[in-house]
Amino acid sequence: MMKDKRQKTAKGRITDTDNGYQIFRKERVSMKKLTSRQEEYLFLFADRDGRGKGISEAAEQFRVSKPTAFSISGALEERGMIEKGSFGEIRLTERGWSYIAPKLDSLNVLTEWLECGLGLPPVVADQEARRMVVNLLPETVSAMTDSWRRQREEYPAGEEDTRLSGLAAGLWSVPFRV
């Protein structure tokens, strides 16, 4: 009779038998919906794809401990969304890219709006745009991106707003801050 000891890995199950052989059995990768935090990590890893410090940068960005960031990245790796390199770099797999691809345009537009339209620093704009894309309803995100696109078309970069450029030089009192 053959006894076996089982060890679960990220991509399957390795079974050690009494006679020293190992048998590898593939398991299906869970396709449950990602949590909002996992999606935020996936967007961060997509932005840094293969560059940066990987886990330590994610821990710093999300203000969590390195073990917490490691745990979330491990869950993404188990689902086949990311691959971890030998030097700590993290790359998205084809499955990871296909998961976030529909939301990338919205993320980029919202980041631009938060930076250019609202004047947030780039790091804060990145964080907030990720949160918005992940946590808000798709219809809300779409309405926000459409609004910014219309505003951007109305005043393309480099063009002056003629309503103010015709004023004479001097000190003016206006009902808003510039």
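Biologist: Which residues are linked in a network of salt bridges?

Modeller: Lys33, Glu39 and Lys103 form that network. The model is a predicted one, in which local features need pLDDT of at least 70 and side-chain atom pairs count only at pLDDT 80 or more, while totals for chains, interfaces and linings use all residues. Residues are numbered from 1 along each chain as its sequence is written, and side-chain values use heavy atoms, with hydrogens and water left out.

Biologist: What makes Glu39 buried or exposed?

Modeller: Buried means under 20% relative accessible area, exposed over 50%, and partly exposed in between, with a 1.4 Å probe and protein chains only. Glu39 has 3% relative accessibility and therefore counts as buried. Lys103, at 27%, counts as partly exposed.

Biologist: How many salt bridges does the structure hold, and what does the one between Arg152 and Glu112 tie together?

Modeller: There are eight salt bridges. In the one between Arg152 and Glu112, the closest N and O atoms are 2.8 Å apart. Arg152 lies in helix H6 and Glu112 in helix H4, so parts 40 residues apart in sequence are tied together. Another salt bridge joins Asp146 and Arg149, with the closest N and O atoms 3.7 Å apart. These two residues are three apart in helix H6, and are therefore separated by about one helical turn.

Biologist: Which residues of H6 are buried, and why are they said to lie on the same side?

Modeller: Val141, Thr145 and Trp148 are buried. They cover an arc of only 60° around the axis, which puts them on the same side of H6; the arc is that of the directions from the helix axis to the C-beta atoms. On the other side, Glu139, Arg150, Glu153 and Glu154 are exposed. H4 and H5 are included in what covers the buried residues, where contact means heavy atoms within 4.5 Å.

Biologist: What makes a set of residues a nonpolar core?

Modeller: The residues must be buried Ala, Val, Leu, Ile, Met, Phe, Trp, Tyr or Cys, joined through side-chain atoms within 4.5 Å. The largest such core has 28 residues, and those with the most contacts inside it include Tyr41, Phe45 and Leu92. Helix H1 gives the most to this core, with six residues.

Biologist: Where does Arg63 lie, and why is it called exposed?

Modeller: Arg63 lies in the loop between H2 and H3. At 69% relative accessibility, Arg63 counts as exposed. Arg63 also has a positive phi of about 55° although it is not a glycine. Most residues other than glycine have a negative phi.

Technical notes
Helices (H or I, at least four residues) and strands (E, at least two) are DSSP runs, numbered from the N terminus. A salt bridge is a side-chain nitrogen of Lys or Arg within 4 Å of a carboxyl oxygen of Asp or Glu.
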